[in-house]
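Here are a few friendly notes to read alongside the model. Please keep the sequence and the 3D view open as you go.

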Amino acid sequence: MYDTIVVAYDGSEFSKAALTESSNWIKRHGGRLILVHAVYFDEEEFGIAPEILGKRFALSKKICFQARETVSSEFGLNVESLVCEGEPHDVIIDIASSKNASLIAMGTHGRKGLKKLFLGSVTSRVITTSPCDVLVAKKTLSENAGEYRSILLSFDGSEFSKKALKHACELSKVEGAEITALYVIPHYEETIEFFSTRLIKENLLQNAQNIMDEAKDLALDRGVSIKTEIAEGYTAEKIVETANKLRSDLIIRGNYGWKGINKAVIGSIAENVIINASCPVLVVR
């Protein structure tokens, strides 16, 4: 399923967690693991002190060497590492494309407070422009288990969520994971300015049930039996809440091809899920 994984690595605890997730996968299922570290070239900074660039490259190579040694000793895997100059998101995407990667794994610092409104340019740009699926690690290295036993799938009946369902079923087969598909009935009063009558609520609930029945049928067609849940409220909030309740090891959501300001913001639902989730999030291309 994921036979070539590119790990965006900067030596932080979250990127180490992404590396551990990836190493566990490759050890169990085989494949190729590639570390990518980007050295950003700031013309003004290096123009004043050009020797800094050489020092950055030396430090980056040391960081990657230590990571390779750790993976080799703990997982018995050989890891390729690349240290490249350039904008981090461009380097990650370029390497993933050139290596025909099936997955990009990366960490995020899960900003809180006012800054949580934006996921960050590197993570969001990688997700919106990636040629393959993207796994965002949310736990630190010490909390990381690297196994998927309980998967929460965000499903709304769209083609994007159907593709995510397909990947969830494939993961379930190879990992033995239990899948729960979640549909969230949105707050329509705030989006189209009407107040729900009893009949409207019943229709919304019936529509939700139809969508969940479709998810079950699609999964059964792939030889997988899944559970379903229906919630009402803010989608991102309910996804995170349900994942916590079920103690999910992984949240899967489709990539809806978000655009926006230079593709830097990937959409409030996905962004808020990634920022606030306590488990890794897999965004299916």
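**Notes on the fold**

1. S150 counts as buried, because its relative accessibility is 13% (buried means under 20% relative accessible area, exposed over 50%, partly exposed in between, with a 1.4 Å probe and protein chains only). This residue lies in strand β6, residues 150-154 (helices, H or I with at least four residues, and strands, E with at least two, are DSSP runs numbered from the N terminus). Leaving aside residues up to four places away in sequence, S150 touches A177, E178, L246, R247, S248, D249 and L250 (contact means heavy atoms within 4.5 Å).

2. A word on the source: this is a predicted model, in which local features need pLDDT of at least 70 and side-chain atom pairs count only at pLDDT 80 or more, while totals for chains, interfaces and linings use all residues. Residues are numbered from 1 along each chain as its sequence is written, and side-chain values use heavy atoms, with hydrogens and water left out.

3. Next, look at the sheet. Ten strands form an open sheet with mixed pairing, in the order β3-β2-β1-β4-β5-β10-β9-β6-β7-β8 (two strands pair if DSSP finds at least two bridges between them). At the edges are β3 (80-85) and β8 (227-232), each of which pairs on one side only. From one strand to the next, the twist averages 25 degrees (axes are lines fitted to C-alpha atoms, for helices over the stretch in contact, and angles run from 0 to 180 degrees between N-to-C directions).

4. How many residues of strand β9 are buried? Five of the five, so this strand (residues 250-254) is largely enclosed by the rest of the structure. L250, I252 and G254 point one way from β9, while I251 and R253 point the other way, and all are buried.

5. Now for the neighbours of β9. Three bridges join β6 to β9, and the two run parallel; L152 has I251 in β9 as its bridge partner.

6. The bridge partner of T4 in β2 is R32.

7. Two helices deserve a look as a pair. The axes of α1 (residues 13-29) and α3 (residues 51-75) come within 11 Å and cross at roughly 40 degrees. They are therefore oblique to each other (angles under 35 degrees count as roughly parallel, over 145 as roughly antiparallel, 65 to 115 as roughly perpendicular and the rest as oblique). The contact is made by L19, T20, S23, N24 and K27 of α1 and by A67, V71, E74 and F75 of α3.

8. Helix α8 (residues 198-221) lies across β7 (178-185) and β8, and runs at about 155 degrees to β7.

9. Finally, check two loops. Most residues other than glycine have a negative phi. N100, in the loop between α4 (88-98) and β4 (103-107), has a positive phi near 55 degrees. R247, in the loop between α9 (235-246) and β9, also has a positive phi, near 55 degrees. Is N100 buried or exposed? N100 is exposed, because its relative accessible area is 62%; R247 counts as exposed at 72% relative accessibility.
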